[in-house]
Amino acid sequence: MASIDKTFGVSLLTCVLLLLTCAQAGKILVIPVEGSHWINIKILMMELVQKGHELTALRPSTSLYIEETSEDYKVLTVPMSMQQATSRKELEEYALNWIFQQAFTKHGSSFSVAWEFIQVLQTGTQMSTVAIGALFENQEILEGLKNGDFDVILGDPYNVAGVMLAHYLKLPIVFFGRWMPTEDIHFAIAPSPLSYVPVINSRVTDRMVFSERIKNVLLYYSYLAASHLLIYPAYDKLVQRYLNTDVSVFDMYKKADIYLMKVDFVFEFPRPTMPNAVYIGGFQCKAPKPLAKEIQDFMDNSEHGVVVFSLGTIVRTLPLNIAREIAAGLAQLKERVIWRYSGEPLDTLGNNTKTVDWLPQNDLLSHPQTKVFLAHGGENGIYEAICHGVPVVGFPLFGDQYENILRLKTRGAAVLLENTQDITAQDIFSAIRLVIDDPSYSRAMKHLSELHHDTPVPPRDLAVFWTEFVMRHRGAGHLQAAGHDLPWYQYYLLDVTAVLLLGLLLCSYLMYTFFRAVLRTCCGRKDRRKKKRS
């Protein structure tokens with residue numbers, strides 16, 4: 001009888017827990033971005049699925065990375081015309097050519113790099129506006145979204161469709177990521193003093209000399225002008241057409257409920273922030289999985305250690321002259337090298353180097369024999385290196401990669417290869433040799449790793465909590481600063497400054513008039529006395 005009661009009690013408790021789970025579960029609409037962005041947000045999606053939430057991912061029919069179906073979540077596809085379709089091979093070839101142009105062409109200055117960056121953003125804007133137009137022209141999908149009874153939108157801030165749908169469906173939005181269509185989202189939501197907050201492509205640290213501060217200011221206002229004259233107007237036209245409002249896209253971004261920033265100030269330069277910015281840098285890091293036997297044997301049997309070499313999701317090859325120099329430099333090492341490379345065969349490749357089409361980066365970085373990570377400086381790889389305490393030799397290609405490696409360099413945990421277009425075998429060999437032979441690099445990175453892990457709540461749990469927080473409370477408006485509602489002249493106190501200046505000028509004028517009158521009176525009396533004496 002006691003056994004029956006116990007069984008009944010366990011069953012009852014299980015039912016109660018299931019009911020509570022169902023009661024707390026919500027419906028989430030996910031607006032992702034292609035490529036590595038999708039890989040990252042999918043990690044968070046799976047965490048939310050495991051918590052019992054129902055997710056729906058919105059994708060265009062021309063999507064190259066986002067699957068059409070999934071057993072774990074729903075996928076809603078927006079039809080696009082075949083004229084807009086591009087094969088993954090074509091897209092990757094286009095992206096690769098652009099990356100190589102950025103990485104292996106000499107640029108006159110940060111301003112020329114910035115202008116090319118802006119031109120790429122314009123191209124991306126043209127593609128994005130077409131996809132957004134197809135979504136808002138499709139009344140069947142819009143009606144389905146209206147009737148979907150969603151609790152929150154989980155969006156990548158690089159995709160403007162997310163913030164537009166949040167406004168259209170009157171839903172709270174949680175942003176996952178730090179990059180808006182043109183800039184780091186910090187600049188939109190928080191004070192960002194240009195005296196110590198670098199902008200992208202400035203290639204400076206938070207300790208700037210006078211000339212660097214001038215460059216940082218000029219770059220910031222160049223980006224600001226380009227953004228609000230070339231990029232955001234294209235999106236604002238869509239807002240006016242489909243949402244029938246004069247609220248700008250930029251202002252919509254400032255009204256988001258929570259910003260899940262893939263940033264850790266162990267790595268990032270400290271800067272002002274806001275209460276609805278939640279920092280989850282390194283959230284994608286995870287415990288290693290077992291390696292394939294061939295790779296496990298390669299790693300275990302390396303007498304002097306291993307160098308892991310990868311340049312990200314897209315870059316699996318390099319211009320032949322660059323690849324030959326790199327291979328020759330790696331061949332001089334006594335350590336083994338595992339390199340993600342599928343380009344032309346290299347006659348300079350050493351017997352110590354193993355090339356693979358794909359490598360389990362996180363698992364390899366966790367291996368005790370890994371001594372150095374030769375990397376392009378992408379956000380994912382940097383945080384995985386920090387997570388596992390592996391120092392970096394940086395080979396930046398484009399975007400924020402130079403700045404990412406520069407941040408590690410200032411912490412003493414990386415060597416930055418500056419002139420990638422003129423890279424030589426000796427440059428590669430010397431940089432790797434320095435990081436391996438000088439224990440300060442390994443100590444610095446292990447210290448960063450300790451700081452990164454010493455947190456009361458893991459980044460992934462933080463991301464889940466704040467997403468559910470917004471769902472439970474239908475937003476997080478209490479965390480939004482009132483400054484986002486102020487016009488720019490009030491935000492910067494220009495109206496107050498103008499009134500105070502006018503008051504100061506008026507007081508100065510009155511004092512001047514008063515003292516002038518006093519002087520005249522005094523001088524008049526003296527003149528009259530002189531006349532009487534004479």
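Strand S6 (residues 258–261) and strand S7 are paired in the parallel sense over 3 bridges. Tyr 259 stands opposite Ala 277 in S7 within this pair. Two strands are taken to pair if DSSP finds at least two bridges between them. Helices (H or I, at least four residues) and strands (E, at least two) are DSSP runs, numbered from the N terminus.

The model is a predicted one, in which local features need pLDDT of at least 70 and side-chain atom pairs count only at pLDDT 80 or more, while totals for chains, interfaces and linings use all residues. Residues are numbered from 1 along each chain as its sequence is written, and side-chain values use heavy atoms, with hydrogens and water left out.

**Overall composition**

The protein chain contains 19 helices and 13 strands. Its C-alpha trace spans about 120 × 70 × 60 Å along the principal axes. Of the 534 residues in the protein chain, 49% are buried. Buried means under 20% relative accessible area, exposed over 50%, and partly exposed in between (1.4 Å probe, protein chains only).

**The seven-stranded sheet**

S6 and S7 belong to an open sheet of 7 strands with the order S3-S2-S1-S4-S5-S6-S7, in which the pairing is parallel. Strand S3 (74–78) and strand S7 (277–279) stand at the edges; each has a single partner strand, so one side of each is left without a neighbour in the sheet. From one strand to the next the twist averages 20°. Strands of a sheet pair through backbone hydrogen bonds, either parallel or antiparallel.

S4 and S5 run parallel and are joined by 3 bridges. The bridge partner of Gly 155 in S5 is Phe 175. In a regular strand the side chains alternate between the two faces of the sheet. Strand S5 (residues 173–176) is covered on both faces: Ile 173 and Phe 175 are buried on one side, and Val 174 and Phe 176 are buried on the other.

**The six-stranded sheet**

Another open sheet has 6 strands in the order S10-S9-S8-S11-S12-S13, with parallel pairing. Its edges are strand S10 (353–356) and strand S13 (414–416), each with a single partner strand, so that one side of each lacks a neighbour in the sheet. Neighbouring strands of this sheet are turned against each other by 15° on average, direction ignored. Strand S12 (residues 392–394) runs parallel to S13, with 3 bridges joining the two. Val 392 has Ala 414 as its bridge partner in S13.

**Helices H4 and H8**

Two packed helices are described by the angle between their axes and the distance between the axes. The axes of helix H4 (residues 110–137) and helix H8 (residues 210–242) come within 10 Å and cross at roughly 15°. Axes are lines fitted to C-alpha atoms, for helices over the stretch in contact, and angles run from 0 to 180 degrees between N-to-C directions. H4 and H8 are therefore roughly parallel to each other; angles under 35 degrees count as roughly parallel, over 145 as roughly antiparallel, 65 to 115 as roughly perpendicular and the rest as oblique. The contact of H4 with H8 comprises 17 nonpolar, 7 polar and 2 charged residues. Here Ala, Val, Leu, Ile, Met, Phe, Trp, Tyr, Cys and Pro count as nonpolar, Asp, Glu, Lys and Arg as charged, and the others, Gly among them, as polar.

**Loops and positive phi**

Most residues other than glycine have a negative phi, and most peptide bonds are trans. Asp 149, a residue other than glycine, has a positive phi near 55° and lies in the loop between helix H5 (139–146) and strand S4 (152–155). Gly 148 is found in the loop between H5 and S4 as well. The C-alpha atom of Gly 148 is separated by 9.0 Å from that of Leu 29, 119 residues apart along the chain. Leu 493, which is not a glycine, has a positive phi of about 55°. Leu 493 lies in the loop between helix H18 (488–491) and helix H19 (494–533).

**Cysteines**

The structure holds 0 disulfides, a disulfide being a pair of cysteine sulfur atoms within 2.5 Å. Cys 285 is in no disulfide, and the nearest cysteine sulfur, that of Cys 387, is 3.9 Å away.

Accessibility values for individual residues are collected below.

| Residue | Relative accessibility | Class |
|---|---|---|
| Gly 148 | 9% | buried |
| Cys 285 | 12% | buried |
| Cys 507 | 43% | partly exposed |
| Leu 493 | 47% | partly exposed |
| Asp 149 | 59% | exposed |
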